[in-house]
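This report describes a predicted model.

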Amino acid sequence: QVQLGESGGGLVQAGGSLRLSCAASGETFSTYAMGWFRQAPEKELVFVAAISRNGGSTNYADSVKGRATISRDNAKNTVYLQLNSLKPEDTAVYYCNALYSGGSYQIAYWGQGTQVTVSS
């Protein structure tokens, strides 16, 4: 099992930047693919970005492509999400996700979320 804790959210003006962090504890961090999701008020949870176990592969939602960078430091058991050129529509609670794939099954863990608010 892994425990996840996000930090780095806050209030920022449009055009600004934030760096979200997600610290993991528990089992071996490098065995998990990591991702970020977000949920805006009264909307569904949506995918933002993901990174492979060794950091060699990343992918992004079209809505943040070119403005977001996901990275990880396996030595620090931490995944990051750098968000630039923030827009009001980026306002949401951002959740960290850890995904373990074990052949025929997958296990996912979630953090408690961190609020990002972008003012216009």
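## Aromatic rings

Tyr32, Tyr100, Tyr105 and Tyr109 are joined into a cluster by ring pairs. The model has 5 aromatic pairs in total. One of them is formed by Tyr32 and Tyr100, whose rings are tilted, with 5.7 Å from centre to centre and 55° between the planes. The two residues come from distant parts of the chain, 68 residues apart: Tyr32 lies in the loop between strand 3 and strand 4 (33–39), and Tyr100 lies in strand 9. Tyr32 counts as buried because its relative accessibility is 3%, under the limit of 20%. Tyr100, at 27%, is partly exposed.

Another pair is made by Phe37 and Phe47, and this one is edge-to-face, with 75° between the planes and 5.7 Å between the centres. Phe37 belongs to strand 4 and Phe47 to strand 5 (residues 45–51), 10 residues apart. With a relative accessible area of 18%, Phe37 is buried, whereas Phe47, with 29%, is partly exposed.

## Charges over rings

Two arginines are placed over aromatic rings. The charged end of Arg19 sits over the ring of Tyr80, 3.9 Å from the ring centre. Arg72 lies over the face of Phe29, and here the distance to the ring centre is 4.4 Å.

Four strands form an open sheet in the order 1-3-8-7, and their pairing is antiparallel. Strand 1 and strand 7 (68–73) are at the edges; each has a single partner strand, so one side of each has no neighbour in the sheet. On average, neighbouring strands of this sheet are turned by 15° against each other, direction ignored. Strand 7 pairs with strand 8 (residues 78–83) over 6 bridges, in the antiparallel sense. Asp73 is found opposite Thr78 of strand 8.

Gln3 is part of strand 1 (residues 2–7) and is partly exposed, at 38% relative accessible area. Beyond its neighbours within four places in sequence, Gln3 contacts Ala23, Ala24, Ser25 and Gly26.

## The cysteine link

The model contains 1 disulfide. Cys22 and Cys96 are its partners, with 2.1 Å from S to S. The link spans distant parts of the chain: Cys22 is in strand 3 (residues 18–26) and Cys96 is in strand 9 (residues 92–101), 74 residues apart. The angle about the S-S bond is -85°, and the link is left-handed. Both cysteines, Cys22 and Cys96, are buried.

Conventions
Residues are numbered from 1 along each chain as its sequence is written. This is a predicted model: local features need pLDDT of at least 70, side-chain atom pairs count only at pLDDT 80 or more; totals for chains, interfaces and linings use all residues. Side-chain values use heavy atoms; hydrogens and water are left out. A disulfide is a pair of cysteine sulfur atoms within 2.5 Å. Buried means under 20% relative accessible area, exposed over 50%, partly exposed in between (1.4 Å probe, protein chains only). Contact means heavy atoms within 4.5 Å. Two strands pair if DSSP finds at least two bridges between them. Axes are lines fitted to C-alpha atoms, for helices over the stretch in contact, and angles run from 0 to 180 degrees between N-to-C directions. Rings of Phe, Tyr and Trp (its six-membered ring) pair if their centres lie within 6.5 Å; planes under 30 degrees apart count as stacked, over 60 as edge-to-face and the rest as tilted. A charge sits over a ring if NZ of Lys or CZ of Arg is within 6 Å of the ring centre and within 35 degrees of the ring normal.
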